[in-house]
Amino acid sequence: MIVAERKTIPDLIEILKGHQRVLVLGCGTCVTVCLSGGQREVCIIASALRMASRLGGHPLQVDELTIERQCDNIFIEEAADAIEKVEAVLSIGCGAGVQAIAERFPNKPVYAGLDTVFLGILEERGVWGEKCASCGACVLHDFGGICPITRCAKHMLNGPCGGSREDRCEVRPDIPCAWQLIYQRLTNIGQTDRLGKINLPKDWSTSQSGGCRGFVREDHRI
Ligand code: SF4
Ligand code: SF4
């Protein structure tokens, strides 16, 4: 899922400065699951904004709405009436959701209420970990399903850097060395022979380094 964190209320007050009426717009998908942008968070953020703006001497009228997905025009239409009534939208969807709303309503200010941080999973209650950097050319099959691009701080593709202590990463001692995990996993599934393969330097043109990406499924086009 896409994992995002809430911006602070003082930051949001600063972002919304100059507006009298805004809509806090939640998203019912990834950011709901990671507890940053769903219906409950809309309610909490809207209440906090009302209180903080009143205390600051510039009371803000704050409307609330959550739609199923902010990154999908079918669901965005459900917000059209609510967006029409306000001066600006504070989207608490991921960065894609914010931009989808801004594209659909080109004359309406749309602000990001979250910091979108990574693609990851819930590892334990209240703890999310990054698992994929969307490199555009997945190599998980060579590494036992453990991503060296995302989980190794140095993106090592041909074995560990040599800096790990015990099983800990040199750069992030609070997490295991990705190569320790890769070795263990390949051992468990009987595929250590994969470690003999020399991996060429990664072609980063398929990643964000190659510019803004998109793809087309011709079989789905009308
Ligand atoms: S290899 Fe690329 S696509 Fe696959 S998990 Fe890692 S970053 Fe994501
Ligand atoms: S210690 Fe392991 S995870 Fe950390 S940078 Fe070196 S190889 Fe990568």
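Here is a short tour of this structure, one selection at a time.

Before you click, note that this is a predicted model, where local features need pLDDT of at least 70, side-chain atom pairs count only at pLDDT 80 or more, and totals for chains, interfaces and linings use all residues. Residues are numbered from 1 along each chain as its sequence is written, while chains are lettered from A and ligands numbered from 1 in the order in which they are written.

**Stop 1: the domains.** Select 2-118 for domain 1, then 135-195 for domain 2; these bounds come from an automatic or database domain assignment. Their C-alpha centres lie 38 Å apart.

**Stop 2: the sheet.** Now pick out the open sheet of 3 strands, ordered β1-β6-β7 with antiparallel pairing. (Strands are DSSP runs of E, at least two residues, numbered from the N terminus; two of them pair if DSSP finds at least two bridges between them.) β1 (2-6) and β7 (127-132) are at the edges with a single partner strand each, so one side of each has no neighbour in the sheet. Next, colour β6, residues 114-124, which pairs with β7 over 5 bridges. Which residue in β7 is the bridge partner of Leu-119? Click on Cys-132.

**Stop 3: ligand 1.** Keep Cys-132 selected, as Cys-132 is also one of the residues around ligand 1, along with Cys-135, Cys-138 and Cys-147, among others. (A residue counts as near if its C-beta atom, placed from the backbone, lies within 6 Å.) This shell has 8 nonpolar, 2 polar and no charged residues.

**Stop 4: ligand 2.** Finally, show the 14 residues around ligand 2, where the closest are Cys-152, Cys-161, Ser-164, Cys-169 and Cys-177. (Nonpolar means Ala, Val, Leu, Ile, Met, Phe, Trp, Tyr, Cys and Pro; charged means Asp, Glu, Lys and Arg; the others, Gly among them, are polar.)

How values were computed. Helices (H or I, at least four residues) and strands (E, at least two) are DSSP runs, numbered from the N terminus.
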